[in-house]
Amino acid sequence: MRKKIVAGNWKMNTTLQEGVGLAKDVNEALKKVQPKCDVVICVPFTHLAPVNDVIDQSKLGLGAENCADHDKGAYTGEVSAPMVASTGATYVILGHSERRQYYGETSDTLKTKVNLALQNNLTPIFCIGEVLEQRENGTYLDVVKSQIEEALFGLSADDFSKLILAYEPVWAIGTGKTATDDQAQEMHAFIRDVIEKQYGKKVSENISILYGGSCKPSNAAGLFAKPDVDGGLIGGASLDAESFMGIVNAF
Ligand code: PEP
């Protein structure tokens, strides 16, 4: 059975003090419920070690939002996968559309980052998704297929099985416009099919595929009820413990 997962992506939000407070609130809230999914928060690099100190990672996983495409050296300002792992984090978001769009990340760079993450025992939460124009001109399935093929199909089946995928239609991120339950299901089933053709049914059935894009407590249950939607990657709604828990409890 594949895992159900709700993961927060805090992006470039919260000071260290605010972030530690938010992590404590989520950690406390999780003590009061028996979530039917794994729960993860992905936080800014500066927050990783201090947040690790205040959460119980048996209940709340910790991840970074990116890592460098080199493991060490003269790359001023970058943070490597070994550095992320040394904080106690075990997840890393890779290929988020904001990284692709604003920082020019390509499938080639992402291939390297995925390998470095895996070598350092970090679980990549790998993001894919089309922009509005591609949704409207009907190429959205092909676009997502290419993103997966280019960055990930060099992996062995064993390594591929360690990934979490997040389908995030770019037109739904931070816009308040969510994909419908059926649009999400169509894409998730398609992604599983693409994976099955490359790696076989066992791998495709076991990989968790999260939905991301304006997911909130009011729409999470409908999305999560779809058979191929295994949870969510949550941006804005993860910045408030109550709304994040509302999504966790939607399972
Ligand atoms: C995201 O950026 O990963 C995301 C899903 O953002 P939001 O929930 O704010 O749309």
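This is a predicted model: local features need pLDDT of at least 70, side-chain atom pairs count only at pLDDT 80 or more; totals for chains, interfaces and linings use all residues.

User: Thanks! Where does Asn9 lie in the secondary structure?

Analyst: Helices (H or I, at least four residues) and strands (E, at least two) are DSSP runs, numbered from the N terminus. Asn9 lies in strand S1, which covers residues 5-9.

User: Which residues is Asn9 in contact with, beyond its neighbours within four places in sequence?

Analyst: Contact means heavy atoms within 4.5 Å. With those neighbours left aside, Asn9 is in contact with Cys42, Glu65, Ile93, His96, Leu233, Ile234, Gly235 and Ser238.

User: Which side chain makes a polar contact with that of Asn9?

Analyst: A polar contact is a pair of N or O atoms within 3.5 Å; within protein, one must be able to donate a hydrogen and the other to accept it, and residues adjacent in sequence count only if both atoms are side-chain atoms. Here the side chain of Asn9 is joined to that of His96 by a polar contact of 3.5 Å.

User: On to the ligand: which residues come nearest to it?

Analyst: A residue is near a molecule if one of its heavy atoms lies within 4 Å of it. There are 14 residues around the ligand, and Lys11, His96, Glu168, Gly174 and Ser214 come nearest. In the side chain of Glu168, an N or O atom is 2.7 Å from an oxygen atom of the ligand. For the side chain of Asn9, the corresponding distance to an oxygen atom of the ligand is 3.4 Å. Gly236 takes part through its backbone, where an N or O atom lies 2.9 Å from a ligand oxygen atom.

User: How much of the ligand does the protein bury?

Analyst: Accessible areas come from the Shrake-Rupley method with a 1.4 Å probe, and for residues only the protein chains shown count as cover. The ligand exposes 290 Å² when taken alone, and the protein buries 95% of that.

User: How do the residues of the shell divide into nonpolar, polar and charged?

Analyst: Ala, Val, Leu, Ile, Met, Phe, Trp, Tyr, Cys and Pro count as nonpolar, Asp, Glu, Lys and Arg as charged, and the others, Gly among them, as polar. The shell around the ligand has four nonpolar, eight polar and two charged residues.

User: Ser214 was on that list. What should I look at in its backbone and surroundings?

Analyst: Look at phi: Ser214 has a positive value of about 55° although it is not a glycine. Ser214 is found in the loop between strand S7 (208-212) and helix H11 (217-224), and with a relative accessible area of 16% it is buried. Asn121 is placed in the loop between helix H5 (107-119) and strand S5 (123-128), and its relative accessible area of 66% makes it exposed.

User: Could you show me a residue inside a helix?

Analyst: Take Ala23, found in helix H1 (residues 16-31). Ala23 is buried, at 0% relative accessible area. Not counting residues up to four places away in sequence, Ala23 touches Trp10, Ile41, Val51, Val54, Ile55 and Leu60.

User: And what about the whole protein?

Analyst: The secondary structure comes to 12 helices and eight strands. Radius of gyration is taken over C-alpha atoms, and the globule rule is 2.2 Å times the number of residues to the power 0.38. The protein's radius of gyration is 17 Å, close to the 18 Å that the rule gives for 251 residues, so the protein is as compact as a globular protein of that length. Of those 251 residues, 51% count as buried. Among contacts between residues at least 6 apart in sequence, 72% join residues at least 24 apart.

How values were computed: Residues are numbered from 1 along each chain as its sequence is written. Side-chain values use heavy atoms; hydrogens and water are left out. Buried means under 20% relative accessible area, exposed over 50%, partly exposed in between (1.4 Å probe, protein chains only).
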